Amino acid sequence: MGMDHGTTAISFQIIDENKEDVAYFSLKRDEVSNNEVNFKDTVTEYVDAKDINLLAMTYAMGDSINKITPLSKVKNKGILSINGAGKVTGGGSKIYDEIISLKIPSVLIPGLHSNCEFMDERFRASYSHCASSEKVSLTYYAYNVTGWKNMIIADISSNTVSILVEDAIIKGAIDACIGAMGFIHGPLDLGMIRDIDEGRKTANECFSHAGVSKIAKVDTKINNVKEEIIEKALNNDKKGVLAIDSLVMGVVMEIYGLYGIAENKIDGIILTGSGGTMTSPINISGKIKEKVEDIAPVKVLTDKSGAIGSSYIAYDIYKNKKDKIMGIDVLK
């Protein structure tokens with residue numbers, strides 16, 4: 001079983017001993033937080049929790065671990081701090097605690113950060129945090145699907161995060177707080193730095209309103225942001241159209257940036273996430289593809305890549321006794 005701890009929802013993929021799909025389900029973080037739904041009741045609709053051989057989990061930044069680690073050996077849920085990570089609902093923490101209470105054998109996947117020795121030392125020196133842990137999962141899914149050892153992955157949704165893989169090892173990534181805008185989150189520009197310094201907003205408030213929502217002038221519940229931006233664009237609202245065009249621009253810049261520093265010839269480019277896979281009602285993936293396909297072939301995956309990739313990690317650790325995943329050590 002695999003888990004993807006996303007911005008608006010936490011999703012799960014269950015596969016059988018032949019790596020075939022059993023079930024996929026998603027829990028909205030705010031609904032978990034408000035006790036409208038819970039992990040225990042939902043998972044038992046599909047399988048007996050006692051039959052889960054291994055669950056590979058992701059949680060928040062994953063920045064206090066640098067190996068895939070058994071949950072029994074993880075402190076503070078694998079994070080240095082919950083601060084500065086976007087809106088905190090408490091839903092993910094509740095699910096984490098439920099998994100422990102159910103005694104499901106579990107491992108926690110690390111994020112990509114300065115203590116990850118498998119990454120290029122330039123990324124480690126430049127950025128304290130490069131990507132949260134579900135980006136490891138979707139990278140593993142992309143590798144399993146394509147076999148590409150040298151690729152660039154752009155995951156576009158609430159955040160935009162782009163990942164560089166060389167020789168089947170994750171070498172670096174550009175997170176939303178330092179790179180391209182997603183629908184909700186994005187980098188802090190000079191105006192936001194001034195807002196912070198002058199006490200009008202916290203850094204986290206700025207980060208949570210620095211995506212293309214600021215361009216579209218959309219300020220609503222996080223679950224509705226993307227849909228409202230898309231609706232504006234479809235209605236030819238100038239700010240909505242500009243928001244989509246700016247989203248595409250940022251992603252293309254990131255892909256070319258990673259391409260420019262890659263040591264190996266790139267085998268292919270992956271687009272994933274709810275924005276990266278969108279072809280209708282706006283063909284966001286097509287807009288990006290036409291700008292970057294001169295670099296390498298472009299493949300569009302599912303927006304379920306994180307959950308599926310986590311389940312593949314669990315499968316290969318349990319079934320195939322893998323001791324490394326994309327360069328990351330598996331702690332026994």
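Which residues does Ile288 touch, not counting residues up to four places away in sequence? Select Ile288 and you will find Ile156, Val248, Val251, Val252, Ile255 and Leu271 in contact with Ile288, where contact means heavy atoms within 4.5 Å.

Before moving on, some housekeeping. This is a predicted model, in which local features need pLDDT of at least 70 and side-chain atom pairs count only at pLDDT 80 or more, while totals for chains, interfaces and linings use all residues. Residues are numbered from 1 along each chain as its sequence is written, and side-chain values use heavy atoms, with hydrogens and water left out.

**Stop 1: the cores.** Zoom out to the largest nonpolar core, which has 74 residues; Leu112, Ile229, Ile255, Ile284, Ile288 and Ile313 touch the most other members. Now colour helix α10 (residues 238–261): with eight residues, α10 supplies the largest share of this core. A second, separate core has 27 residues, including Phe25, Val47, Ile65 and Ile95. A nonpolar core here is a set of buried Ala, Val, Leu, Ile, Met, Phe, Trp, Tyr and Cys residues joined through side-chain atoms within 4.5 Å. Buried means under 20% relative accessible area, exposed over 50%, and partly exposed in between (1.4 Å probe, protein chains only). Helices (H or I, at least four residues) and strands (E, at least two) are DSSP runs, numbered from the N terminus.

**Stop 2: Ser162.** Go to strand β10 (residues 160–166) and pick Ser162. Ser162 counts as buried because its relative accessibility is 0%. Show side chains and look for Glu254: a polar contact of 2.5 Å joins the two (a pair of N or O atoms within 3.5 Å; within protein, one must be able to donate a hydrogen and the other to accept it, and residues adjacent in sequence count only if both atoms are side-chain atoms). Other residues that Ser162 touches include Gly172, Ile174 and Leu258.

**Stop 3: salt bridges.** The whole structure holds 10 of them, each a side-chain nitrogen of Lys or Arg within 4 Å of a carboxyl oxygen of Asp or Glu.

- Select Asp97 and Lys77, bridged at 3.2 Å, N to O. Asp97 is in helix α3 (residues 91–101) and Lys77 in the loop between β5 (69–70) and α3, so the pair ties together parts 20 residues apart in sequence.
- Next, Glu134 and Lys135, whose closest N and O atoms are 3.4 Å apart. Glu134 is buried at 6% relative accessibility, and Lys135 is buried at 4%.
- Finish with Asp329 and Lys324, at 2.4 Å between the closest N and O atoms. Asp329 is partly exposed at 30%, as is Lys324 at 44%.
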